[in-house]
Amino acid sequence: MTGRLAGKRIFVTGAAQGIGLAIAKAFLREEAALYLIDRDAALLEREAMLMSQAGGDVSWTAADITDAAAIAAAVAEAAKAIGPINALVNNAGVNVFNEPLETSDEDWSRCFDINLKGAWNCCKAVLPGMIGAGGGVILNIASTHAFTIIPHTFPYPLAKHALLGMTKSLGLEYAPKNIRVNALAPGYVSTQKVIDYWNGFADPDAARAETMKLHPGGRIASPEEIAMAAVFMISDECPFMNATCLTIDGGLSVQQHAV
Ligand SMILES: NC(=O)c1ccc[n+]([C@@H]2O[C@H](COP(=O)([O-])OP(=O)(O)OC[C@H]3O[C@@H](n4cnc5c(N)ncnc54)[C@H](O)[C@@H]3O)[C@@H](O)[C@H]2O)c1
């Protein structure tokens, strides 16, 4: 199917690699116009150029989502480049994993600044335009960490729990303005972030095998499988889906441990 996102002008954060890049490519296949953001300028430029050369309606700028002024400026630039933004995907995020008492103040701030405040900076920048235009849609890329906890991953799950809270709060606040705000909760997805996580173990291959074994289907998701759900949630195919979260984890989080 094509054209499922025709007329959507979408601001996507963290679009230079991983899930964000897969989402951008899937959105272009469905005829969206995109404005892409990433703090990795070189990688963003390389990937966005490729999409543009392939005929995609894509503009981009390097920006850090923790910089509210830069994000406001990027949203204004986006309006000039592709027209007023009517959809936002808050995808940029980072792992900050510690044992709680070993978490530095710096790690605490970095985790919440990027994974929560960064998403809010983007919401704050696009919501006035959406309200003025009579509608819009926001998708926050949360995680199964938004409702479950893996020991020694502190404080990342706290920020993702809060991101889910923000999804519900904004979804309720702006439903009367015809704005839908939802979250998508991936489990493990094969991106650099997960490879880095496995590399943090003494035996990365064993850690990888252990992760696969946790999954009912014996494998983790590809970024493209997350992007498929993002297309649906941004499209007009689910007009009454609001203030909720869709889990895409192959069944991982509904398992109960048994001996
Ligand atoms: N990979 C997984 O298993 C997994 C699982 C659940 C949720 N998630 C979530 O999905 C999202 C994407 O994860 P991924 O695995 O694709 O990560 P990734 O590290 O592969 O890509 C993240 C991108 O975001 C960019 N970024 C990071 N901080 C930024 C900032 N402050 N400003 C602008 N750009 C920034 C990075 O430069 C990078 O290009 C994150 O929110 C993550 O928490 C990932």
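Start by selecting Thr 191: an N or O atom in its side chain sits 2.6 Å from an oxygen atom of the ligand. That pair is a polar contact, meaning two N or O atoms within 3.5 Å. Taken alone, the ligand exposes 820 Å², and the protein buries 94% of that (accessible areas come from the Shrake-Rupley method with a 1.4 Å probe).

Before moving on, a word on what you have open: this is a predicted model, where local features need pLDDT of at least 70 and side-chain atom pairs count only at pLDDT 80 or more, while totals for chains, interfaces and linings use all residues. Residues are numbered from 1 along each chain as its sequence is written, and side-chain values use heavy atoms, with hydrogens and water left out.

**Around the ligand**

Now click on Arg 39, where a backbone N or O atom lies 3.2 Å from a nitrogen atom of the ligand. Next pick Gln 17, whose side chain has an N or O atom 3.1 Å from a ligand oxygen.

**The largest cavity**

Which residues line the largest cavity? Select Asn 90, Asn 91, Ala 92, Gly 93, Asn 115, Ala 119, Ile 141, Lys 160 and Leu 163. The cavity has a volume of about 40 Å³. On a 1 Å grid over the protein atoms alone, a cavity is a set of points where a 1.4 Å probe fits but cannot get out, and lining residues have an atom within 4 Å of a point. Grid points are joined across faces, edges and corners, and a volume is the space filled by probe spheres set on them. Show α4 (105-133) and α5 too, as each supplies at least two lining residues. Helices here are DSSP runs of H or I with at least four residues, and strands are E runs of at least two, numbered from the N terminus.

**The second largest pocket**

Last stop: the second largest pocket, with a volume of about 320 Å³. Of its 13 lining residues, Gly 136, Asn 178, Ile 179, Arg 180 and Pro 239 are the closest to its centre. A pocket is an open set of points with protein on both sides within 12 Å along at least five of seven lines. Highlight β6 (136-141) and β8 (179-186), which each supply at least two residues of the lining.

Technical notes:
Polar contact = N/O pair within 3.5 Å; in protein donor to acceptor, adjacent residues only side chain to side chain.
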